[in-house]
Amino acid sequence: MDGEDFLSDLQSLVIHGDYDASEGADETALAPAIYPASTYSARSLDEFARMANQPRHPRYYARYGNPTQERCERLLARLEGMEAALLTASGMGAMSTTLFAQVRAGDHVVAQTTHYMGTAQILTDLLPGLGVEVTRVDQRDTDAFFAATRENTRLIVVETPSNPTLALTDLAAIASFAKRRGITTLADNTFASPVNQRPRDFGIDLVLHSATKYLGGHSDLIAGVVCGEASAVERIWERAIMLGTNVSPFNAFLLLRGLRTLPMRVARQNENALALARFFETHPAVARVHYPELESHPQHALAKRQMRRGGGVLSIELKGGDSDEQGFHAARIFVAALKMARHAVSLGGVETLVVHAASMWEASLTPEQMRQAGISPSLVRIAAGLENAADLCADMTQALSAQALPGNGDR
Ligand SMILES: *Cc1c(COP(=O)(O)O)cnc(C)c1O
């Protein structure tokens with residue numbers, strides 16, 4: 001981890017990296033235009049033929065792309081150190097479209113036991129029904145990825161850090177193994193953001209984000225992105241225009257606006273998450289803290305190799321007595337007592353958000369699956385926002401002391 005000057009190399013890029021003066025674009029307007037047009041007229045038959053036949057033409061029909069989207073994609077590709085990017089309607093749009101472009105019946109995919117819920121559902125509910133076999137392995141066990149690959153393995157899907165215990169996947173080891181075997185690698189980089197981790201630097205082929213989270217950063221848009229070599233991204237785009245997973249022009253505009261402050265925001269979120277992690281580590285009501293930048297994280301050495309900083313998300317387990325029921329109860333009292341941190345799903349926005357994992361996944365995971373995913377009854381995920389760290393710690397302090405109040409029932 002090299003926290004020192006990671007702002008400096010990215011902050012100029014996010015301000016200027018979406019346009020290219022050498023291409024002769026008129027960039028006198030400092031904010032990009034939004035094109036609500038669903039279709040674009042041609043001035044000649046020849047021009048129409050070009051519009052219709054050139055892949056990813058930004059001025060043809062809006063499901064195929066639009067100029068604001070194109071600018072935003074250029075910046076996102078540069079942020080991830082990739083040739084090209086494709087914006088989609090959501091993170092799940094990016095994941096589903098990418099999977100449909102990469103695999104077909106008869107193929108085999110290796111993925112993690114712990115993935116974002118929607119990704120896990122595609123892997124277990126959707127792909128097998130289409131004749132694609134999926135093997136899921138513990139992401140902390142690098143050898144398990146190798147052991148799971150077969151003759152027909154086409155794709156390895158990884159996500160690091162993953163939700164909600166911030167377990168890591170060794171990007172360099174998996175990418176180099178996959179390269180030797182001719183297997184494509186896809187990394188969901190949502191939790192780290194390109195500020196803290198660039199999977200391309202470790203040899204990963206395709207990098208995906210829920211742009212709803214850190215990239216957008218203001219809890220006001222849904223979008224996704226996948227980055228890679230231009231030819232690979234063009235193949236995914238061919239699926240996107242079939243599936244209709246295109247981003248809206250307005251959301252492309254909002255995302256570009258959010259990206260201008262990405263390095264500054266993430267730097268602050270890194271600081272706040274570390275401050276919270278250190279605060280919880282010494283608090284008597286907290287049993288465990290999960291955060292990659294803490295020396296106590298079981299994969300701290302790997303975190304130092306592949307992440308610049310620990311990121312904005314951490315999770316804690318509370319001391320709530322001995323039984324699962326008491327732990328569940330303690331977490332609910334804590335969440336209900338928070339005054340500044342908001343109780344909501346998602347992450348990466350300017351405001352600190354908190355979720356009680358066991359309540360969130362009660363309906364969709366069996367107790368055994370919860371245990372497998374490391375979700376103990378008292379586990380609370382915290383996504384740090386941009387507030388003053390001292391204010392956040394004060395809020396956590398008063399909420400943790402709510403435990404001790406007599407008569408505090410389930411609220
Ligand atoms: C939120 C999220 C997604 C899904 O993104 P949407 O924009 O909600 O569709 C995928 N992966 C991770 C890690 C996420 O946090």
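Where is Thr212 found? Thr212 sits in the loop between strand 6 (206–210) and strand 7 (224–228). Helices (H or I, at least four residues) and strands (E, at least two) are DSSP runs, numbered from the N terminus.

## Basis of the model

This is a predicted model, in which local features need pLDDT of at least 70 and side-chain atom pairs count only at pLDDT 80 or more, while totals for chains, interfaces and linings use all residues. Residues are numbered from 1 along each chain as its sequence is written, and side-chain values use heavy atoms, with hydrogens and water left out.

## The ligand and its surroundings

The residues around the ligand are Ser90, Gly91, Met92, Tyr116, Glu159, Asp188, Thr190, Phe191, Ser210, Thr212, Lys213 and Ala223. A residue is near a molecule or strand if one of its heavy atoms lies within 4 Å of it. Sorted by class, this shell holds four nonpolar, five polar and three charged residues. In this sorting, Ala, Val, Leu, Ile, Met, Phe, Trp, Tyr, Cys and Pro count as nonpolar, Asp, Glu, Lys and Arg as charged, and the others, Gly among them, as polar.

A polar backbone atom of Met92 is 2.8 Å from an oxygen atom of the ligand. A nitrogen atom of the ligand has a polar side-chain atom of Asp188 at 2.7 Å. In the side chain of Thr212, an N or O atom is 2.7 Å from an oxygen atom of the ligand. The protein buries 92% of the 380 Å² that the ligand exposes when taken alone. Accessible areas come from the Shrake-Rupley method with a 1.4 Å probe; for residues, only the protein chains shown count as cover.

## Thr212 within the protein

Thr212 has a relative accessible area of 13% and therefore counts as buried. The limits are under 20% relative accessible area for buried, over 50% for exposed, and partly exposed in between (1.4 Å probe, protein chains only).

The side chain of Thr212 also reaches the backbone nitrogen of Ala223, at 3.2 Å. A polar contact is a pair of N or O atoms within 3.5 Å; within protein, one must be able to donate a hydrogen and the other to accept it, and residues adjacent in sequence count only if both atoms are side-chain atoms. Apart from neighbours within four places in sequence, Thr212 is in contact (heavy atoms within 4.5 Å) with Gly217, Leu221, Ile222, Ala223 and Leu347.

## His356 in strand 11

His356 belongs to strand 11 (residues 353–356). Is His356 buried or exposed? His356 counts as buried, because its relative accessibility is 4%. Leaving out neighbours within four places in sequence, the residues in contact with His356 are Phe328, Ala331, Arg332, Val335, Pro377, Ser378, Leu379 and Val380.

The side chain of His356 makes a polar contact with the side chain of Ser359 at 2.5 Å. A polar atom of the His356 side chain also lies 2.7 Å from the backbone oxygen of Pro377.

## Aromatic pairs

A pair of aromatic rings is described by the distance of the centres and the angle of the planes. Rings of Phe, Tyr and Trp (its six-membered ring) pair if their centres lie within 6.5 Å; planes under 30 degrees apart count as stacked, over 60 as edge-to-face and the rest as tilted.

Searching the whole structure gives seven aromatic pairs. One of them joins Tyr61 and Tyr64, edge-to-face, at 6.3 Å centre to centre and 70° between the planes. Tyr61 is partly exposed at 37% relative accessibility, and Tyr64 is partly exposed at 24%. Ring pairs link Phe48, Tyr60, Tyr61, Tyr64 and Trp237 into a cluster.

## Backbone features

The loop between strand 4 (153–159) and helix 7 (171–181) holds Pro161. The peptide bond from Thr160 to Pro161 is cis, with omega near -10°. Pro164 lies in the loop between strand 4 and helix 7, and a cis peptide bond with omega of about -5° joins Asn163 to Pro164.

Leu166 is also found in the loop between strand 4 and helix 7. Leu166 has a positive phi, near 60°, in a residue other than glycine, and is buried at 2% relative accessible area. Arg56, in the loop between helix 2 (45–53) and helix 3, has a positive phi of about 60° although it is not a glycine.
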